[in-house]
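Q: Hey, can you walk me through this one? I'd like to start with charged side chains that pair up.
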Amino acid sequence: MTVPRTGEELGAPLPLAEFRTATNAIVDNIEQIIEGKTATVRLALAVLLAEGHLLIEDVPGVGKTKLAKALARSIDCSVRRIQFTPDLLPSDVTGVSVYNQETHDFEFKPGAIFANLVVGDEINRASPKTQSALLECMEERQVTVDGTSYGLRVPFMVVSTQNPIEMEGTYPLPEAQRDRFTARIGMGYPHAGAELAMLDAHGAYDPLYDLKPVSDAETVRRMIATVRQIHVADAIKQYAVNLVNATREASELRLGASPRATLHLLRTARAIAALDGRDYVLPDDLQSLAVPVLAHRVISTPEAQLSRRTTDAIIAELVHRLPVPQDRTRTAHDRSDHDPSSIQRG
């Protein structure tokens, strides 16, 4: 099984008008289940289109798994759910070679990771050995078992959840694991109106079972190709590098963001720009993504922890202090005013 690497293998990019129609349909579909969380839903979709992975971290009962399932059901792709527990084995995730007595040979039985969208519930309840089974899958989009590599399907996305409380019997995600998640988001409590609407929609039965897909794998692949074509000016690239470098030099952080974080920041900014109907990235896109993309990768100093300074607050302050590129004039690549349905290849 080959993994698409080029635009030709993904399919032709969608015109921006069609792209927005398709993405708006997915967002609207998910919002039938998740009330009043448009920004969170859009970010989850942006991570998918940026070919990344999503970590949803929040207190119990606010809809973490519900969001992951709603995204999965909105796209007519293969979906597998993994309930992470202390006794889960790596082979349960990746698969295992089983001896076939009829053929007198070993044959590979794929694990739960072989799907377009993998929902990993309570990922920090699995042992570090099992957590590490995801490392190759998430970064290289392949699984290696007994010396043979198997490519994963495209689109491929891991959506994992974890609670920041109830830490008894859990295994905190190591830095290498957290760095592979493109973004970390929190659901937060709904506002009163959304919670009241939830009582009407979810009071008698779970509407998730009636949710129908509004897109498919082929369309998502074409949307990914569209995102890859979004133009990023040199000044924006430099701003992304400066933003990540600022985390490495911050006195309140003892571990800054990695070069992988810079790539994820830029890729997700491309997706956000496309969701907004633009064929170019603005500094505002990077600013809005700095906390969800960078905060879970950095580690604060003991002094900052004693002062109850969260990494979210530290990153937000760095964004506020860092000079923004002054030249926001459009280049020849930025044709949205003339042809909003076109993507200019850089």
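A: Asp276 forms a salt bridge with Arg42, with the closest N and O atoms 2.6 Å apart. A salt bridge here is a side-chain nitrogen of Lys or Arg within 4 Å of a carboxyl oxygen of Asp or Glu. Bear in mind that this is a predicted model: local features need pLDDT of at least 70, side-chain atom pairs count only at pLDDT 80 or more, and totals for chains, interfaces and linings use all residues. Residues are numbered from 1 along each chain as its sequence is written, and side-chain values use heavy atoms, leaving out hydrogens and water.

Q: Where do Asp276 and Arg42 lie?
A: Asp276 is in the loop between helix H12 (259–275) and helix H13 (283–294), while Arg42 is in helix H3, so the pair ties together parts 234 residues apart in sequence. Helices are DSSP runs of H or I, at least four residues, numbered from the N terminus.

Q: New topic: which residue follows H3?
A: That's Glu51, and its phi is positive, near 60 degrees.

Q: Back to the pairs, how many salt bridges are there?
A: The count comes to 16.

Methods:
Helix = DSSP H or I, 4+ residues; strand = E, 2+ residues; numbered from the N terminus.
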